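Have a look at the chain first, and then we'll take the contacts in turn.

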Amino acid sequence: MNDTAINWDEIPDIITKDQLYRICHISKSTARYLLQSGKIPCYYTGKQTRCYQIKKEDVIAYLEDRKVFPEAYAAPKGWYKGYYEIKLEIHLPPEVLEDMHAYYAELFSQYKDVLTAIEVCKLTGYSRSFCRH
């Protein structure tokens with residue numbers, strides 16, 4: 001792929017999934033995987049069409065990182081056949097978890113105790129489709 005031919009001045013600051021897969025020369029399914037897995041950050045609007053809002057700088061960062069680590073962005077086995085669910089496994093030491101708990105308790109102390117899914121997505125930056133899993 002020759003991404004040096006992309007004129008970034010003509011690309012809007014916020015793009016859709018449709019624009020993403022064309023800019024990056026990837027399939028629609030791969031674009032959906034990258035957005036739902038969080039490998040490319042996005043905001044999920046909840047609409048039926050044009051539901052992903054992606055920042056141009058995140059696309060640029062993805063393209064640069066993909067040059068160095070292409071295997072990190074490959075869809076997992078079974079994704080294209082439709083029988084793969086995105087599952088994240090994170091193993092952190094207890095000390096890190098305690099520090100994170102204290103940090104987020106302070107950070108979110110100003111918010112209500114109960115939030116809607118949309119409010120959580122806005123706070124965390126994750127898309128709503130990712131929050132459902």
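Aspartate 18 counts as partly exposed in this predicted model, with a relative accessibility of 32%. Its salt-bridge partner is arginine 22, and the closest N and O atoms of the two sit 3.0 Å apart. Arginine 22 itself is exposed, at 52% relative accessibility. Why are aspartate 18 and arginine 22 separated by about one helical turn? Because they are four residues apart in helix α1, which covers residues 17-24.

How many salt bridges are there in total? The count is four, and the aspartate 18 pair is one of them. Three of these pairs, with their N-to-O distances, go like this:

| Pair | N to O distance |
|---|---|
| aspartate 18 and arginine 22 | 3.0 Å |
| lysine 112 and glutamate 119 | 3.5 Å |
| lysine 56 and aspartate 13 | 3.7 Å |

Now for the bridge between lysine 56 and aspartate 13, whose side chains meet at 3.7 Å, N to O. Lysine 56 belongs to helix α3 (residues 56-68), while aspartate 13 is in the segment before β1 (14-15), so this pair ties together parts that are 43 residues apart in sequence.

Glutamate 119 comes out as partly exposed, at 27% relative accessibility.

On to the cysteines. A disulfide is a covalent bond that joins the sulfur atoms of two cysteines. How many disulfides does the model have? The count is zero. To count, the two sulfur atoms would have to be within 2.5 Å. As for accessibility, cysteine 51 is buried, with a relative accessible area of 14%. Cysteine 24 is buried too, and its relative accessible area is 0%.

Terms used:
Residues numbered from 1 in each chain as written. Predicted model: local features only at pLDDT ≥ 70, side-chain atom pairs only at ≥ 80, totals over all residues. Heavy atoms only, no water. Buried < 20%, exposed > 50% of the residue type's maximum accessible area, 1.4 Å probe, protein only. Helix = DSSP H or I, 4+ residues; strand = E, 2+ residues; numbered from the N terminus.
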